[in-house]
Amino acid sequence: MNFDAQRKRSALYGRIRSFFNDRGYLEVETPLLSSHLIPEASIENFRTSLISPYRDDRPLFLIPSPELHMKELMAAGSGDIYQICKCFRNSEQISPVHNPEFTMLEWYKTGIDAEKNIGICEDLVRALLLEETPESCRPPFRRMEMEEAFRELAGFSLQENLSEEALGEQLDRHSIPRDAGEEWEVLFHKLFLTLVEPELPSDRPLVLTNYPDRIPTLAQSIPGTPWSDRWELYMQGIEIANCYSEETDLDRIRDFYEKEIPEKRKNAVIDVLCRPDWTEKLTGFPESSGTAVGVDRLIAALLGDKSIQGVILFPLDAILL
C-alpha cells in the first residue's frame, strides 16, 4: 500500500474543501443508498434490499452519482453546494482507470453556465497542483469543440453526418464493426471512442465542449444547434470531469424521464426504480451549472500516475483475490 500517496490524498481533500468553503459553497452529505435513481440507460447499478421485521422489504440502490439529491437541495434553496462522496457503477471493467467503487467530487454553482464553470475547474486544479504534477496536467486548459475534434481527428464533419445512416457509413468507411439495428448513440460512441478520444491532444488538460444533443442528458440544449451545453475534461487522454449547464425546464426533465425509463428497462441488467414525480421536487431549481470530477483519477494525474490503483487503498481487484 502506498501510504505516501495516501498522505498526499488526505492533504488534497483539505485543499479541495478550503477551495470551495472560501468561495461560499456549502458542503453537503447526501445518501449513498437511494430508493430511486435517475434512469440513465448507459449506467448499470448496484442493487440491495432494506430488510425489516416492521415493513415489507424494499429494494435500494447504491448511487452512481449524488446528482439527484443535490439537485433537490438546490431547488430547496441551498445555494452553491459541493460534496465529496463514494459512488458505485456496475458492469464496468476493473482497470487502471476504473473501479466499481470510486470517489466523486460534485459541485453546483448558481447563476452561471458550463462555460463559466470551466474557469472554476481550472482554478481548482491550479490550487491542487503538486511539485510532481507533470506539465501535461497543469493549466491552462486547452479547449476544443466536438465538431472540431471530429474534423481534425476523424477526418469528417460530425454535424454533417449526424443521422444514423451517415454514422453507419462512417463506421463502414473506417472498417469499424457494427451490428444491424444498433441505435444512434452506440454508433456515435463507437466512432468517438475509436477515432477521436485516443487521438485527443494530451500535452496539457483538454476541455472538450458541445456534445451532440442526441445523447440523452439533463444538460441544456444550445438553441439553434445540434449540441448540448456540456463539456468533459481530459488529462493525458483520461476523462476526469463532466459538466453541464443544468436543465431547469420541468417539462424537458419529465420528457427525459419518459424516454429514458423504457430504455433503462429494455437494456439494463439491473432494473431500477425511478420516480417521474421527482421532477416536482425540482420546482424552483435555479439556473446553474454542475460539475462532477473523478477524484481518484484527478489525484492520480496530480501525482503523475496513470493508474488509480495506487491512490485507492483497497481497489476491488485486490479485495477479490
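Two strands count as paired if DSSP finds at least two bridges between them. Helices (H or I, at least four residues) and strands (E, at least two) are taken as DSSP runs and numbered from the N terminus.

The model is predicted, so to speak of a local feature takes a pLDDT of at least 70, side-chain atom pairs count only at pLDDT 80 or more, and totals for chains, interfaces and linings use all residues. Residues are numbered from 1 along each chain as its sequence is written, and side-chain values use heavy atoms, with hydrogens and water left out.

Now for the sheet as a whole. S9 and S10 belong to an open sheet of eight strands with mixed pairing, in the order S1-S5-S6-S11-S10-S9-S8-S7. Strand S1 (26-27) and strand S7 (142-145) have a single partner strand each, so they stand at the edges, and one side of each goes without a neighbour in the sheet. In general, strands of a sheet pair through backbone hydrogen bonds, either parallel or antiparallel.

Angles run from 0 to 180 degrees between N-to-C directions, with axes as lines fitted to C-alpha atoms, for helices over the stretch in contact. Helix H2 (residues 67-75) lies across strand S5 (81-88), strand S6 (101-110) and strand S11 (288-294), at about 25 degrees to S6. Helix H8 (residues 295-302) lies across S6, S9, S10 and S11, and runs at about 65 degrees to S11.

Helix H3 (residues 114-128) has 15 residues and should span 21 Å at 1.5 Å a residue, which agrees with the 21 Å between its end C-alpha atoms; the expected span is 1.5 Å times one less than the number of residues. Buried residues (under 20% relative accessible area; exposed is over 50%, partly exposed in between, with a 1.4 Å probe and protein chains only) in H3 include Ala114, Ile118, Cys121, Leu124 and Leu128.

Between H3 and S7 sits Pro140, joined to Pro139 by a cis peptide bond with omega of about 10 degrees. Ser175 counts as exposed, at 65% relative accessibility. Gln236, in the loop between S9 and S10, also is no glycine and has a positive phi of about 50 degrees; with a relative accessible area of 23%, Gln236 is partly exposed.

Definitions and conventions. Contact = heavy atoms within 4.5 Å.
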